[in-house]
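Q: I would like to learn how to read a few side-chain features in a structure. Please give the general idea each time, then the case.

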Amino acid sequence: ELKSGILSIFLKTGIVFTQVNLWLGLSYCDGKWNEVTVNKEGSVISASMNELREQALEPRVQQLKVNSPIYIGGIPPEIQNLYKELGLEQGFGGCMKDVKFTRGAVVNLASVSSSAVRVNLDGCLSTDSAVNCRGNDSILVYRGKEQSVYERGLQPFTEYLYRVVASNEGGSVASAWTRVRTRESVPQNVPSPSRVHSINGYSIEVTWDKPAGVIGVIEKYILKAYEADGPNVPITSAELADAGMLTGILTGLHPFTNYAVTLTACTLAGCTESLHALNISTPQEAPKDVQSPTAISFPTFLLMSWSPPKTPNGIITQYTLYMNGIPIYSGNATKYVVKDLAVFSPHQFLLTACTLAGCTNSSQVTLFTSQLPPSHVDAPVLTVLDSRTIYVQWKEPVEVNGILERYIIYITNNGQNFTKWNVIYNSTEPFLDFTIPQLSPGTEYLIKLAACTGGGCSISETSTAITDESTPEGVPAPKAQSYSSDSFNISWTKPEYPNGIITNYGLYMDGVLLQNSSQLSCYAYGLAPWSLHSFRVQACTAKGCALGPLVEARTMEASPEGKVDVFTTVDGSKDAQLKWLAPNKPNGKLTYTVFLAGLFYADQ
């Protein structure tokens, strides 16, 4: 420590504590360089400055081994509690150079220090007598009774020594000299970089000269790159804490871009950026983010297209399109037609984009030509299982021309005159058979199969099958109409569900088979007028017969046959009772009319 004109050395090894004090007074405060040496050689510890020297002998002192950082000018706050016996003043403020140890070369403190340096390491301050500190050269800054004073107009980053003299009529007493240093000023007139050199498209090397007239210690330099004609916001910057270096690398740039590079110098008081910038254009690099080609698919060709790279990094000089590892196009266009391809065939494509600096590949992509309907679909094979079920089987098309997506089965029957086709099956499952249930017995069906890809559907030829016959269902009731008193015209329709081919119809009248034929009508005659009869139709297939419902009907009426016998009984002078018997053959539903006539009859 250098305090109050005394240079002190404190040496502690183990439990032995040694101190050497060298009285200097203010001899060193002359604006010139002073050489200080501290030395431990065996048991002798010495300190010297210029021509003055002091030493101490301590036999118990142990060997000194240094295995930690060396701190010159002060101790960091985080380790001060370990050295409480030291004065731990504010820290050295002044000039240092040519620091040497017993072994090794001269140390450049600005380049090897690991913490911020608070001293001017580049040369001493002014030797103006106003800042010299020998007692007779001091300047009176305050006289009065106050115990504090605020002094203005000092020089930035300048060390001053102050002491206070208290006096009265009996005399005066002076304090020890106290050192204080004013703070740095913000750098002025920071020059633009002297040289900028492109390392590659993404980084540049910047060289600059040390700003002149900086009062204080430069803490760091900051390099900034602005995009030319862009916003006034730096694209990237680099902070260089080693103020002794006058060259730095600025990264994070974009290739093939114009930049304006500035230099900023900083002290503890603040930073100043150069008013002017040095322009540079970064070179081209190989493109980045090359997009894979895309295509509009057709059955036998592909219309290829691609977009420029998202980051071209220069001027694209050529595109190369590869198909299945073979280059098929080179040029500046962004479209190309690949012809003579197979239907729905896969192909590997890769695009290369080039600048003068190099080429970059896109990721590989697999593209397909478009699908077509299958070339041919075989007719399905039909198997009649029973009167209501048909089992359908089919084969996968030989030439699918794409990805088989679904099968569709169409069906029609003779009841629809084979004109109306209905979809009975539509599935994306890869099955090759289907059972059609709930069909009508004894019915002829036409069935065809459609196979579909993403390119459309192909339909097979028609296959025919007839379900097994069964007993008819829904045999209708006959209609019996009488147009005379002794006959019927009877007619009927086909069963609702014939369930086969109707071989014959049987007409039963009053439980007796009246007619058995393929006709749908019958004429019955020779019947009594107004006679009641029952009728029922029977329809038959090869599998059996079925009866329809029973209906009843009467023949038309006829004139009654026979005579009407009338009996009269007189009950008094004004009453007569008549009775009569019905004719032998009424021939219908009878109504009676009584006619009266006579000399004394009056209709009342």
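Q: Over which ring does the charged end of Lys448 sit?
A: A charge sits over a ring if NZ of Lys or CZ of Arg is within 6 Å of the ring centre and within 35 degrees of the ring normal. Here the ring is that of Tyr410, with the charged end of Lys448 5.8 Å from its centre. Lys448 also lies over the face of Trp421, at 4.1 Å from the ring centre.

Q: What kind of model is this, and what is the mean pLDDT of the chain?
A: The model is predicted, so local features need pLDDT of at least 70 and side-chain atom pairs count only at pLDDT 80 or more, while totals for chains, interfaces and linings use all residues. Residues are numbered from 1 along each chain as its sequence is written, and side-chain values use heavy atoms, with hydrogens and water left out. The pLDDT is the predictor's confidence in each residue, from 0 to 100. The chain has a mean of 87, and 91% of its residues reach 70 or more. Over residues 116-136 the pLDDT is below 50, though this stretch has 49 contacts in the model beyond near neighbours in sequence (contact: heavy atoms within 4.5 Å). Where pLDDT is low, the predicted coordinates should not be read in detail.

Q: How many aromatic pairs are there?
A: Rings of Phe, Tyr and Trp (its six-membered ring) pair if their centres lie within 6.5 Å; planes under 30 degrees apart count as stacked, over 60 as edge-to-face and the rest as tilted. The count by this rule is 14.

Q: Why is the pair of Trp306 and Tyr329 called tilted?
A: The planes of the two rings are at 45°, so the pair is tilted; the centres are 6.0 Å apart. Trp306 lies in the loop between strand S20 (302-305) and strand S21 (318-323), and Tyr329 in strand S22 (residues 326-331), so the pair ties together parts 23 residues apart in sequence. Strands here are DSSP runs (E, at least two residues), numbered from the N terminus. Ring pairs link Trp306, Tyr319, Tyr329 and Tyr336 into a cluster.

Q: Is Trp306 buried or exposed?
A: Buried means under 20% relative accessible area, exposed over 50%, and partly exposed in between (1.4 Å probe, protein chains only). Trp306 has 5% and is buried; Tyr329, at 16%, counts as buried too.

Q: Where is Asn413, and which residues is Asn413 in contact with?
A: Asn413 is in strand S29 (residues 406-413). Leaving aside neighbours within four places in sequence, Asn413 is in contact with Phe418, Thr443, Glu444 and Tyr445.

How values were computed. Helix = DSSP H or I, 4+ residues; strand = E, 2+ residues; numbered from the N terminus.
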